[in-house]
Amino acid sequence: MKNWTLQKKWTFSSAISIFLSFLTMCVILYFSLYNWLLISEKNIAQNTLNEVVLFIESKGPFITVQDISRNRTLLNQIVNQKQSIRIMNKDGIELLRINDASEFPEFTNNINTFQREVINDQIVFHKIQALDFGAFSGYVEISHNLENFSQLMNYILIAMLIFAVISLLLSALIGYSLSSILLKPIKELRNEMKRAKQHKFLKEVSFNYSTKDEIGELLSIYKQLMNEVSETIKRQDEFIYNVSHELRTPIQVLEGHLSLLNRWGKEEEEVLEESLSISLIEIQKMKKLMEEMLKLARRQNAKETSTTNILEVVSHLQNEYKLVHPAATLLVEVDSTFIVAIEQTALLQILRNLIDNSIKYNEYDPNIIIKGSKDDIYVILTVQDNGIGIPEQQISKIFDRFYIVDEARTKSKGGSGLGLSIVKMLMLEYGGKIEVESTTGKGTIFRLFFPNISIK
């Protein structure tokens, strides 16, 4: 049974349980009928014996065979019940026998008790009762044949066995039918799990089961589990795409400095020292970036983050882009009082993505202005450029993953459609928001709203 399906186990178990229950009832019923009918046979024999004794004693000492033959009622009763009566003297010598349908055992002095014996292959009840009237003193004995009783019990036994076999077949059929009906939702759920596996757990659960029972509860748990698995896979994919996207800039910086060293920095100590220093800084940035992305993938609470001075970050970016993109102009209008609750690496990612886009999607020398302002609720950081702008009908879609405004232009510039989706994800993760204002051909303004922690 270990390798049986649940339906086979259910069918077998229900069939056996119903069969055993029915068989138990049959056994109890059989023995109850057996004892009840046996007592009934004994009472019939006792009634006949009492009537015979009463009849003989009523005739007195001068009873004759003709008197007995004239009592048709008594004789018919004896014949119909397959009973035999004999009258014996005190020595046990038989004087008279009425009907010869049933055998008698050897005479014993055990009187007033019914005995059940097998005599010449006949099962009989027999009993001896004392007979005393007038000058005669002796015994009267009855032998009651149990052939009809035995046949009836055999018929009952055979009928019960037939019904037991029928009940076994019916219970198996009913068990199979019920298991097919009751296990149908489980089979559908199994098929749903197979489909989910084939689609790498990304397909939504299409199986519906509205009944509020154990299967309904199981389906509810399965849906929750599938949502968690799907969300986990989605976060893993986002993590891979985001990391690959965000590592691009530090790698480009490293590549530029290594190329610089390879050309002429080996002999110039100043260039060598500067390039190595910047390379180590970029490696540290990548390390911090990986840590931050892991935090985001694990959904860590943003309340545990440290504070960051915006001026320090944008000043670092000014120096960085002077080296990487010397044609770009980065103006900063932020003072040291602008402090926000966000990891420094996260703010670097946000601003780098916005600045990279400003440089990438620009037909002139990039001119980027970063301004800071405050109100009672937010610290607002504005990033404004003189790029090609974004069509108004597409502004609502630019934060979608892999969405590209101008696919031909983006492809030529190496865009992946992930940068702005990362920006929005980070802003939301740290309790902020982002707004966009753009005019085609004139440029774009991104406004970053960070919670103002100075008033808390």
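## A buried glutamate and its partner

The side chain of E141 reaches the side chain of R86 in a polar contact at 2.7 Å. This is a predicted model, so keep that in mind with every distance and area here. E141 sits in strand β5, which covers residues 136–145.

Is E141 buried or exposed? Its relative accessibility is 1%, and buried means under 20%, so E141 counts as buried. As for its surroundings, leaving aside neighbours within four places in sequence, E141 is in contact with S84, I85, R86, M88, F104, P105, H126, K127 and I128.

## The overall picture

Stepping back, the protein has 456 residues, and 39% of them count as buried. Its secondary structure comes to 12 helices and 12 strands. Take the contacts between residues at least 6 apart in sequence: 64% of these join residues at least 24 apart.

In soluble globular proteins, nonpolar side chains tend to be buried together. Here, the largest nonpolar core has 38 residues, and the members that touch the most others are I310, L351, L448 and F450. Which elements give two or more residues to this core? They are helices α9 (310–324), α10 (344–360) and α12 (419–429), along with strands β9 (367–374), β10 (378–384) and β12 (443–451). The top contributor is α10, with eight residues.

F450 is a handy place to look around. Setting aside its neighbours within four places in sequence, F450 is in contact with V340, I342, L347, I377, Y378, V379, L381 and M427. There is also a second, separate core of 29 residues, and L49, L74, F125 and F149 are among its members.

## A nonpolar patch on the surface

W10, I158, I162, F163, I166, L170, L173, I174, L178, I181 and L182 form a nonpolar patch on the surface, and together they have about 1,000 Å² of accessible area. Helix α4 (residues 147–182) supplies the largest share of the patch, 10 residues.

L173 is one of the patch residues, and its place is in helix α4. With a relative accessible area of 53%, L173 passes the cut-off of over 50% and therefore counts as exposed.

Note on methods:
Residues numbered from 1 in each chain as written. Predicted model: local features only at pLDDT ≥ 70, side-chain atom pairs only at ≥ 80, totals over all residues. Heavy atoms only, no water. Helix = DSSP H or I, 4+ residues; strand = E, 2+ residues; numbered from the N terminus. Buried < 20%, exposed > 50% of the residue type's maximum accessible area, 1.4 Å probe, protein only. Polar contact = N/O pair within 3.5 Å; in protein donor to acceptor, adjacent residues only side chain to side chain. Contact = heavy atoms within 4.5 Å. Core = buried A, V, L, I, M, F, W, Y, C linked by side-chain atoms within 4.5 Å. Patch = residues over 30% accessible without salt bridge, like charges linked within 9 Å, V, L, I, M, F, W, Y side chains within 5 Å. Areas by Shrake-Rupley, 256 points an atom, 1.4 Å probe, with all protein chains shown as cover. Salt bridge = Lys/Arg side-chain N within 4 Å of Asp/Glu carboxyl O.
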